[in-house]
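User: Hi! Could you walk me through this one while I have it open on my screen?
Analyst: Happy to, let's take a look together.

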Amino acid sequence: MAITMRIPSLRNINFKNETLAGLTVAMTMIPESLSFAILAGLSPLTGLYAAFLMGLVTALLGGRPAMVSGGAGATVVTLIALASTHGVEYLFAAVVLAGILQFAVGLFKLGKFVRLIPQPVMYGFLNGLAIIIFLSQVEQFKVSGSSGEWMSGTPLYTMLGLTLLTIAIVIGLPKLTKAVPASLIAILVVFGIVTYFGIDTKKVIDIASVSGSLPSFHMPQIPFTLDTLKLIFPYALVMAGVGLIESLLTLNMVDEITDTKGKANRESMAQGTANVVNGFFGGMGGCAMVAQTLVNINAGAKTYISSFIAAITILFVILVGSPVIEMIPMAALVGVMMMVAISTFEWLSFRIINKFPKSDIFVGILVAIITVLLHNLALAVLIGVVISALVFAWDNAKRIRARKYVDDAGVKHYEIYGPLFFGSTTAFLEKFDVNEDPDRIVVDFKESRVVDMSAIDALHKITARYAKIGKKVHLRSLSEDSAHLLGNAAGIVEVNVMEDPTYKVMPKD
């Protein structure tokens, strides 16, 4: 499966919406990328390069229009320990390896397994992510350069007032016009007010400088040995997993919002390619960004063009636009991102919580809690999927039952209902009265299926119990896949399969 660059059709594209959406996304992505880079102890430019490279490559090669990728904190935090202990060169190598692993997932068409993620896990993921986005904005109310000291007095009131003004514009402007993105107008209005009146407030420059040069090719300066591979592989594997889960969940989210279908395997390959490019061009790597994707969609974007424009805008800022961008008030960006957090939260989950099974409610809450406390999306989703699978297995294990009767020939029949699999084998074996049954027993699977090896082993055990006291068991009405499964295990287990009788029907006159 080759990954190719797309040439989009220019028909039916609203270039104004795509351009303005891309500019808005770039404005919100710059401070976030800077913050993540600084959090990981990296150069601020490492974060901006990641935002540019991830956005550019996925816009050209990705599988989901309107989705935005960049230097995401979810992936960077998985590499902090590696970078702090062994240096940034090992981080770049791990990013390259993670990209190769992600590309392999798409190449071997494994991206489809994201469909196995249940809806309660999706609710928990989005709600937890919304809380993280909101709390990360609250952190901006701390004094720059301080060790966790909160703003107070005039700086606090100024920041709070400008943030509330931003939120008011984002909420109110769409009621007047949707010709331009409300988020972009809010940023420009607050920027204009602060500049015109000379208001002293926290700005992007207070986080870090955004000026620099073009990213250049750089081979990670590490020894290419088996020991190095053993060192970076665990980090790369975790980063690849976290990045793909967040990217494919974001893809699913956009699918639902836009009622269209993205290409999970293509997106996996694009994410992998983007991370390989990151590792060789000095970027910290990343994945899809839920908040920026929602900003993009809310601004009216429907194609890859907006993502491409956002990436090019970030490069422009790095090269020549830094003096302007560095003066943007953080309050404007905080207000926009807070509204994104509020719109990301699945408020519907509160209204229908009493209609969900208790197990689904538990899974959704647990996934949200793990996401918020550990900032580990992969672990949260994995735990949610495992618990959902166990609950599903338990519910189906309780459904197996048997209807019993003896026919005129003295043969005992067991008509099985419900799937026979690892979770239901114990209950299945308890249905049989080996000592009291007649010499011939028929187990009918017309309303059941033999699912796995545990089921085959259960059939072998019950047959052996009857055989031990001279009685014979026949299996009847096996589905095609169940019969095939038993056929494959013919050398391992001993079971007697009874061919179903063929009934002749008189033709109509």
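**Contacts and overall build**

Analyst: Of the contacts in the protein chain between residues at least 6 apart in sequence, 82% join residues at least 24 apart; contact here means heavy atoms within 4.5 Å. This is a predicted model, where local features need pLDDT of at least 70, side-chain atom pairs count only at pLDDT 80 or more, and totals for chains, interfaces and linings use all residues. Residues are numbered from 1 along each chain as its sequence is written, and side-chain values use heavy atoms, with hydrogens and water left out.

User: What is the mean pLDDT of the protein chain?
Analyst: The mean is 85, and 91% of the residues reach 70 or more. pLDDT is the predictor's confidence in each residue, from 0 to 100.

User: Where does pLDDT stay under 50?
Analyst: Over residues 500-509, and for that stretch the model has 4 contacts beyond four places in sequence. Where pLDDT is low, the predicted coordinates should not be read in detail.

User: Thanks. How many helices and strands does the protein chain have?
Analyst: There are 19 helices and 6 strands. Helices (H or I, at least four residues) and strands (E, at least two) are DSSP runs, numbered from the N terminus. The C-alpha trace spans about 100 × 55 × 55 Å along its principal axes.

User: And what share of the residues is buried?
Analyst: Buried residues make up 51% of the 509 in the protein chain. Buried means under 20% relative accessible area, exposed over 50%, and partly exposed in between (1.4 Å probe, protein chains only).

User: Switching to salt bridges, what does the count come to?
Analyst: The count comes to 5, where a salt bridge is a side-chain nitrogen of Lys or Arg within 4 Å of a carboxyl oxygen of Asp or Glu. One of them pairs Arg-64 with Asp-255, with the closest N and O atoms 2.4 Å apart. Arg-64 sits in the loop between helix H2 (44-61) and strand S1 (69-70), and Asp-255 in helix H9 (residues 226-258), so the pair ties together parts that are 191 residues apart in sequence.

User: Are Arg-64 and Asp-255 buried or exposed?
Analyst: Both are buried.

User: Which residue does Lys-461 meet in a salt bridge?
Analyst: Asp-457, at 3.4 Å from N to O. Asp-457 is partly exposed at 31% relative accessible area, and Lys-461 is partly exposed at 40%. Another salt bridge joins Lys-142 and Glu-139, whose closest N and O atoms are 2.9 Å apart.

User: How much space lies in the largest cavity?
Analyst: About 40 Å³, and the structure holds 1 cavity of 30 Å³ or more. On a 1 Å grid over the protein atoms alone, a cavity is a set of points where a 1.4 Å probe fits but cannot get out, and lining residues have an atom within 4 Å of a point. Grid points are joined across faces, edges and corners, and a volume is the space filled by probe spheres set on the points.

User: Which residues does Gly-55 touch?
Analyst: Leaving out residues up to four places away in sequence, Gly-55 touches Ala-50, Ser-69, Ser-307 and Ala-311. Gly-55 is found in helix H2 and is buried, with a relative accessible area of 6%.

User: What about Phe-432, where is it found?
Analyst: In the loop between helix H17 (425-429) and strand S5 (440-447). Phe-432 is buried at 10% relative accessible area. Its contacts, not counting residues up to four places away in sequence, are Tyr-414, Val-443, Ile-462 and Tyr-466.

User: Last topic, backbone angles. What is phi for Lys-109?
Analyst: Lys-109 has a positive phi of about 60°, although it is not a glycine. Lys-109 lies in the loop between helix H5 (88-107) and helix H6 (119-138). Ser-477 has a positive phi too, near 60°, and lies in the loop between strand S6 (472-476) and helix H19 (480-488). Lys-109 is partly exposed at 45% relative accessible area, whereas Ser-477 is buried at 17%.

Methods
1 Å grid on protein atoms, 1.4 Å probe; cavity = no way out; pocket = protein on both sides within 12 Å on 5 of 7 lines; lining within 4 Å.
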